Amino acid sequence: MKVLVTGATGYLGPFVVRELLAAGHSPRLLVRERAGVERVPPPEGAQVVHGDVTDRASLERALEGVEGVIHLAGLVSISPKDRDQLDLVNVTGTRNLVECCKVSALSRFVHISSVVAVGANASADELPLDETAVNRLRGRGFANVESKALGEELVLEAARRGALAAVVL
């Protein structure tokens, strides 16, 4: 299966790409021009396409002939000054990818989210959180929490409507 991997040069990306190759898949890596892929060359068998989740045209090109997507791209920051960039990458970038995938012949979409999209317990005595938990961190001004939760909600809503066969991890 040809699989587009966003965030392929990030923390999880190289591990995901290695596993895709080991399983016989053909990963296509969406790499930003400034991501430094030249410093760390992609493994043999992986195809690099330059683009950005914030650029719909680059996503449309990257999705040509792809059957699945693993969306790892995201920005993490606890600084309030990064709010606009967090929204651009984690919300708008995810929205762009979801919208482009809905019009392609995509069969699978895996969205790698964040624990902050679920929230946190008030104490260690509480039960572990799952996808049904109320995120107590939302609405408190944490831009990273809001952007990751909104990005996840976009994917889940597209899946609920049947517009995308998606899994959120």
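Which side chain meets that of Glu99 in a salt bridge? I will come back to that after some ground rules.

This is a predicted model, in which local features need pLDDT of at least 70 and side-chain atom pairs count only at pLDDT 80 or more, while totals for chains, interfaces and linings use all residues. Residues are numbered from 1 along each chain as its sequence is written, and side-chain values use heavy atoms, with hydrogens and water left out.

Now the question. The partner of Glu99 is Lys102, at 3.1 Å from N to O. A salt bridge here is a side-chain nitrogen of Lys or Arg within 4 Å of a carboxyl oxygen of Asp or Glu. Glu99 and Lys102 sit three residues apart in helix α3, residues 83-102, so about one helical turn separates them. Helices are DSSP runs of H or I with at least four residues, and strands are runs of E with at least two, numbered from the N terminus. In general, an α-helix has 3.6 residues a turn, so residues three or four places apart point the same way. Glu99 is partly exposed at 30% relative accessible area, and Lys102 is partly exposed at 27%. For the cut-offs, buried means under 20% relative accessible area, exposed over 50%, and partly exposed in between, with a 1.4 Å probe and protein chains only.

By this rule there are five salt bridges. One of them joins Asp82 to Lys81, with the closest N and O atoms 3.9 Å apart. Lys81 is exposed at 72%, whereas Asp82 is partly exposed at 22%. Another links Arg161 and Glu157, at 3.7 Å from N to O. Salt bridges that share partners join Glu157, Arg160 and Arg161 into one network. Glu157 is partly exposed, at 32% relative accessibility.

Next, helix α1, residues 13-22. Which residues of α1 are buried? They are Gly13, Val17 and Leu20. Seen down the axis of α1, the buried residues fall within an arc of 60°, so they line one face of the helix. That arc is taken from the directions from the helix axis to the C-beta atoms. On the other side of α1, Glu19 and Ala22 are exposed.

What covers the buried residues of α1? The cover includes strands β1 (2-6), β2 (26-31) and β4 (68-71), where contact means heavy atoms within 4.5 Å. Just after α1, Gly24 takes a positive phi of about 90°.
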